[in-house]
Amino acid sequence: MSAPLNDLMMNYPLTLTHFFERSRRLFAKKTIATRVPGRPLFRYTYADFAERTMRLAGLLRELGIKKGDRVATLAWNSHRHLEVYWAAPLSGAVLHTLNFRLSAQDLTYIINHAEDSVIFADASVYPMLAAIRDKIPTVKQIVCMKDTVDAAVPDGLPEYEALLARAAPLDRWPQLDETDALGMCYTSGTTGHPKGVVYTHRGIFLHCMAQAAADTMALSENDVILHVVPMFHANAWCVPYGGVMTGATQIFAGPNIQPKDICEIVQAEKVSFVGAVPTVWIAIKELVEKDGFDISSIRCIPIGGSAAPRSLIEAFDKKFNATMMHAWGMTEMSPIGTLARLKSYMRDWAEDDQYAVRAKQGYAVAGVDLRIVNDEGVEQPWDGKSMGEIQVRGPWVLKSYYNNAAAADRFTGDGWFRTGDVAVIDPDGYIQITDRTKDLIKSGGEWISSIDVESMIMGHPKVLEAAVIAVPHPKWVERPLACVVPKPGVTVEAAEIVDFLRDKLARWALPDEVVFIDAVPKTSVGKFDKKVLRERFKNWQPKS
Ligand code: ADP
C-alpha cells in the first residue's frame with residue numbers, strides 16, 4: 001500500500017493574527033496618520049500602532065470582553081478606529097462597526113440585534129447613543145474617543161486615551177480558528193430591518209490577499225492609502241485590513257472630510273490609493289477643475305457602491321491623470337466581487353471601446369464564482385445581451401445572514417447567494433449592472449436600465465448629478481423620469497438633455513420628462529437614494 005498523499009500541507013489557520021504579527025515586525029517604521037481638522041496630520045508608526053493595539057486588547061480583557069462578544073464602534077475614520085478594528089478580532093471578540101448616519105430607530109435595532117457589549121464612540125457622534133442609552137440594555141460600557149483636539153468627554157464617560165495609558169498589554173494572542181467570527185456589518189436595509197453580515201477570519205484573510213493581487217487592486221507596501229470610505233461601510237471595503245497586511249502608508253480621513261480636504265491630502269502626501277463612492281468623485285471633479293489640484297499621484301481609485309459614469313472615469317484619466325477602477329461588490333461579499341481592469345489583448349483596442357469596457361463593473365476576482373439567472377431560474381449565457389440576477393459564491397461571500405430566518409430566500413438551493421442585482425455579462429466575462437431588481441423600469445414590456453440612462457445624462461457638460469426612476473404610466477405601466485441637478489450657476493433645458501441622449505439610447509428608453517432638483521438625495525453611505533425620489537414623485541402625472 002502506498003503512503004498517504006493527501007493532506008500533507010499544514011493546516012495553518014487563516015487568521016488576522018498572522019498579518020498583525022508579520023506587519024509588526026516588518027513594517028515597524030512605516031506611518032499611519034489621521035487628519036485632525038485645523039491641524040497638521042497626526043502621525044505615528046506601525047510600531048506605535050502595534051503596541052497600542054496590544055494594550056487595547058488588554059483593556060478589552062479588563063472590560064470583561066470574552067471570545068465572541070461584540071465590540072462596537074461608532075466613529076469616524078481614524079488610527080484609534082483602526083486599533084479597535086484589530087484589537088477586537090485578534091482577542092477573539094467580534095468587531096461591529098455602527099453607521100452613525102442611520103436613524104435612531106435603526107441604530108437601536110442593530111445594537112440590540114447584535115447584542116453589543118461595549119461601544120467605542122467618537123465624542124462628536126456620541127449624542128446619538130446618549131439619546132437611545134436606555135434602549136440598548138446589552139451595552140455595558142461606552143468608551144469615548146476624542147475625535148477633535150478640543151472635544152469634551154460627555155456624561156463622565158471613560159476616555160480612550162486615558163484607559164489605554166493605564167492598560168497592560170495582552171502578552172499573547174489567543175489561538176483562533178479561521179472560521180471564528182471577526183466582525184459584523186449591517187446592510188443599510190432598503191426594505192425591512194437592516195440585516196447582519198458576519199465575517200470570518202478566513203474570509204477576510206483571503207479577501208486581503210485578493211486585494212493585493214496584481215490583477216486586482218495590487219495593494220502594496222508602496223501605496224499611500226487615504227481612507228475615505230467610512231469604516232462602517234463594509235469595513236471601508238476591507239482596505240484597513242489589507243493596508244496593514246501589506247504595510248502600506250495609511251492616512252485616515254478624520255471627522256467630516258470634505259472634497260477640498262481630500263484633494264489637499266492627496267496633493268501633499270502623494271496619495272496613490274483612495275476609494276470612494278461616485279458621488280464623492282463627482283464633487284472632487286468639480287473642485288479639481290476649478291482649483292487645479294494635482295492629484296496625479298493616484299494610481300488607483302477603486303470606485304463603486306453605485307455605478308460610476310463613463311464620463312467620470314474618462315475625465316479622471318484625461319484631465320487629472322488619475323486612474324479609476326470600477327468595482328462591484330456588497331456588504332455581503334466583504335465586499336469585492338468584480339473589478340474592471342482591461343485585459344492585455346484590449347490594450348490596442350480603440351479608446352472608445354476601452355472606455356466602454358472600463359465603465360462596466362468588471363470581471364470576477366479570483367475566488368468569486370458568478371452567474372446570472374433569469375426569473376425562471378435558468379442560467380443565462382455570457383453574450384452581453386441576456387439579463388439575469390447575479391448570483392455569487394466564494395470564501396468571502398456570506399452563507400447566511402446573522403440570526404435572520406426570514407432572509408433565507410436570498411440563498412439558492414444549490415448554495416449561491418442571490419445579490420438582487422441585475423446584469424448582463426459579455427463574452428469576455430465583464431458584468432454590466434443594469435439595476436438593482438427594485439430599480440429596473442419596465443416600460444411597455446421592455447426593460448430600461450436606470451443606471452444606463454443616468455450615467456449618460458451625467459456625461460452632459462452642464463449636469464452635475466442625475467438619477468432616473470420609474471413613474472407610473474397609464475399606457476406603458478412605467479416610464480423613466482430623469483431627475484437632474486445642473487452644475488452650480490448653470491441653466492439647462494429639459495430638451496437639451498433629451499437631445500443629448502437621442503443617439504445613445506433606444507427611442508423607448510428616452511425619458512419623456514426631465515425634472516430639475518437641487519440635489520439627488522443620498523443614503524447613509526452616500527449613494528443616490530432613489531427610494532426618496534420615488535416617494536417624492538409617486539403621484540407624477542405624465543404629460544403624454
Ligand atoms: P447598501 O445596500 O447599503 O447600499 P452595499 O454597499 O452593500 O450597501 O450595497 C451593495 C450594492 O451596491 C450592490 O448590491 C449594488 O446594487 C450596488 N453597487 C455596488 N457597486 C456597484 C457598481 N460598481 N455599479 C452599480 N451598482 C453597484
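Predicted model: local features only at pLDDT ≥ 70, side-chain atom pairs only at ≥ 80, totals over all residues.

Q: Which residues in helix 9 are buried?
A: They are V239, P240, Y241, G242, G243, V244, M245 and T246.

Q: What follows helix 9?
A: Helix 9 is followed by G247, and the phi of G247 is positive, near 80°.

Q: Let us turn to the ligand. Which residues come nearest?
A: There are 16 residues around the ligand, and S188, A327, T331, D421 and R436 come nearest.

Q: How do the residues of that shell divide into nonpolar, polar and charged?
A: Four of the shell residues are nonpolar, nine are polar and three are charged.

Q: Which strand gives the largest share of the shell?
A: Strand 12, residues 324–329, gives the largest share, with four residues.

Q: Which atoms of A327 lie 2.7 Å from the ligand, backbone or side chain?
A: A backbone N or O atom of A327 lies 2.7 Å from a nitrogen atom of the ligand. The side chain of Q361 has an N or O atom 2.9 Å from a ligand nitrogen atom. For R436, a side-chain N or O atom is 2.7 Å from an oxygen atom of the ligand.

Q: How much of the ligand does the protein bury?
A: The ligand taken alone exposes 560 Å², and the protein buries 92% of that.

Q: How do strand 13 and strand 14 pair?
A: Strand 13, residues 336–339, pairs with strand 14 in the antiparallel sense over two bridges. T338 stands opposite A364 in strand 14.

Q: One last topic: what do strand 17 and strand 18 form?
A: Strand 17 and strand 18 form a hairpin with five residues between them. In the turn, G429 has a positive phi of about 95°.

Q: How many bridges join these two strands?
A: Strand 17 (residues 417–425) and strand 18 (residues 431–436) pair over five bridges, in the antiparallel sense. Within this pairing, A423 stands opposite I433 in strand 18.

Note on methods:
Residues numbered from 1 in each chain as written. Heavy atoms only, no water. Buried < 20%, exposed > 50% of the residue type's maximum accessible area, 1.4 Å probe, protein only. Near = heavy atom within 4 Å. Polar contact = N/O pair within 3.5 Å; in protein donor to acceptor, adjacent residues only side chain to side chain. Areas by Shrake-Rupley, 256 points an atom, 1.4 Å probe, with all protein chains shown as cover. Nonpolar A, V, L, I, M, F, W, Y, C, P; charged D, E, K, R; others polar. Pairing = 2+ DSSP bridges.
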